Amino acid sequence: MKQIFSLLRRSPSTQLGPLEQELLSALWMRGSATVREMLDAGGINLAYTTVMTTLDRLYKKQLLNRSADGRAFRYSPRYTQEELEKAAVGETVRQLLGSGEAAALPLSYLVEAVSEHDAGLLDDLQRLLDEKRRERRSELRSRENR
Amino acid sequence: MFAARCVGVSLAVFILLYVPLSLAVSRGWNLIRRWFRPRSARSSADLLFILRVLPLALSSLVTLGFTLPSFLLLEPRSTNEAIGSAPLALGFCCLILIGVGLARAWMAQLRASRALVKWLDGSMLMESQVTESGEAVPIFRTGNDAPTLTVAGVCAPKVLVSDAAVAMLNPAELRTALGHEIAHALRYDNLKKLVFRFSVFPAMAGLEHAWSEETEMAADDAAVSSFPDALDLAAALIKVSRLGAIQSGELTMALLHSSTALRARVQRLVAWKKERKPQTHRSWLYVLPAAAAVVVVVATYGSVLNQMHAVTEWLVR
């Protein structure tokens, strides 16, 4: 476990602090949880808002999935421990070789993993695009009416 | 012995400059970018490219422009001095560095050429897009085993469009997507990647990643001239990524470089505003200091050579 986090620490895109590591480990063990469930399970002596902020940060780093659960979010790890380990190793090797994505050729595991979870992202972006197109159409219509 | 000393000293000076400069760039590129505050993605990409190649360019310039001439002109040929352990070790390290760089660049080019030959097998020339500057960029329609939309080739870039892309994108989307690829071709981004390969330094991944993102955005900007264009390009990006076609190969610039940057690019495109005016080229900002530097160098060349020779003498001893 420590090895994964030390590898991830070297990756600028997925740097993890000790708190983030602790919560990610807890989520790997539980599978999924809300902030309240994590606190109620014990072992985490942190304020509710601290856990909430940290999980949100992990979500933004694309390491967690989340879905609405009542008035809260239910978080689950986006990658298994094994997947993350592979990604971290790939990232580290790539950095050691000095070949960032700009110089990337053979595709790395990290890109594949990212593309796997992108279905939701693509739906979000499609909705955003459709919304903009609708706005534009109504704008054009209102201009014509004037 | 004279020639060996000359080569050893020159290579030693090269690596003595290259390593600290590379280290400084790899640590400080983001600060420099923030300080310059480039106004567009294109300027930002250009600045990052300059920073990435600066250690190589500057070290080569000093070595070829000062170290070598100073040695050839000022070192007495009759002296039977030994090379010295420091220049010997440094020169050896430099040779390894250059060898690794050449091998990386050669391998990359070889793999890119092989991939291109494979992709072009059975392809069809759709058209040659002649740009405003008069350069022609050929566009090939390839089978589905090639990347969806990509630019391949280093010195003579070609745009490749797969059958799937032609079938999936509507004409407006295809036009903007091709515009994006042509922008890459005109800016010789694959050649720049090859230079990165040659210029070896382990801690440059962050800078190269940032360059890559800015380059993609610069190509987006070049392909888009109105809000509908921006929406078409955003739609093309989403459609291409739905194909799961993140299959770009060596030294190619695929339309969807990496899905991690997709969100940022689409959000940027749907927020496109007309205020993006054509870039005013403030080249005098760079030309004037460069001209001043050339004048200073020419005026002081003799004394600089003397000083450089003193440094190399110290290095040999």
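The model is predicted, so local features need pLDDT of at least 70 and side-chain atom pairs count only at pLDDT 80 or more, whereas totals for chains, interfaces and linings use all residues. Residues are numbered from 1 along each chain as its sequence is written, chains are lettered from A in the order in which they are written, and side-chain values use heavy atoms, with hydrogens and water left out.

**Chain B overall**

Select chain B and display its C-alpha trace, which spans about 75 × 45 × 35 Å along its principal axes. The chain holds 10 helices and 5 strands; these are DSSP runs, with helices being H or I of at least four residues and strands E of at least two, numbered from the N terminus. Of its 317 residues, 49% count as buried, where buried means under 20% relative accessible area, exposed over 50% and partly exposed in between, with a 1.4 Å probe and protein chains only. Among contacts in chain B with a separation of 6 or more, 74% join residues 24 or more positions apart; a contact means heavy atoms within 4.5 Å.

**The nonpolar core**

Next, select B:Trp29, B:Leu48, B:Leu207 and B:Trp211, the residues with the most contacts inside the largest nonpolar core, which has 20 residues. Such a core is a set of buried Ala, Val, Leu, Ile, Met, Phe, Trp, Tyr and Cys residues joined through side-chain atoms within 4.5 Å. Helices α1 (2–36), α2 (41–74) and α7 (205–223) of chain B each supply at least two of its residues, and α2(B) gives the most, with 7 residues. Centre the view on B:Leu207: leaving aside neighbours within four places in sequence, B:Leu207 is in contact with B:Val25, B:Trp29, B:Leu48, B:Leu51 and B:Arg52.

**Helix α3 of chain B**

Now select residues 85–120 of chain B. Buried residues of α3(B) include B:Pro87, B:Gly91, B:Cys94, B:Gly101, B:Arg104 and B:Trp119. Their cover includes α1, β2 (136–142), β3 (149–152), β4 (158–162), α6 (189–198) and α10 (284–316) of chain B. After the helix comes B:Gly122, with a positive phi near 80°.

Move to B:Val200, in the loop between α6 and α7 of chain B. B:Val200 is buried, with a relative accessible area of 16%. Not counting residues up to four places away in sequence, B:Val200 touches B:Tyr18, B:Leu97, B:Val100, B:Gly101 and B:Arg104.

Then select B:Leu186, in helix α5 (residues 171–186) of chain B. At 29% relative accessibility, B:Leu186 counts as partly exposed. A C-alpha to C-alpha line from B:Leu186 to B:Ala12, 174 residues apart in sequence, covers 37 Å.

**Helix α2 of chain A**

Finally, select residues 18–30 of chain A. A:Gly31 follows α2(A), and its phi is positive, near 95°.
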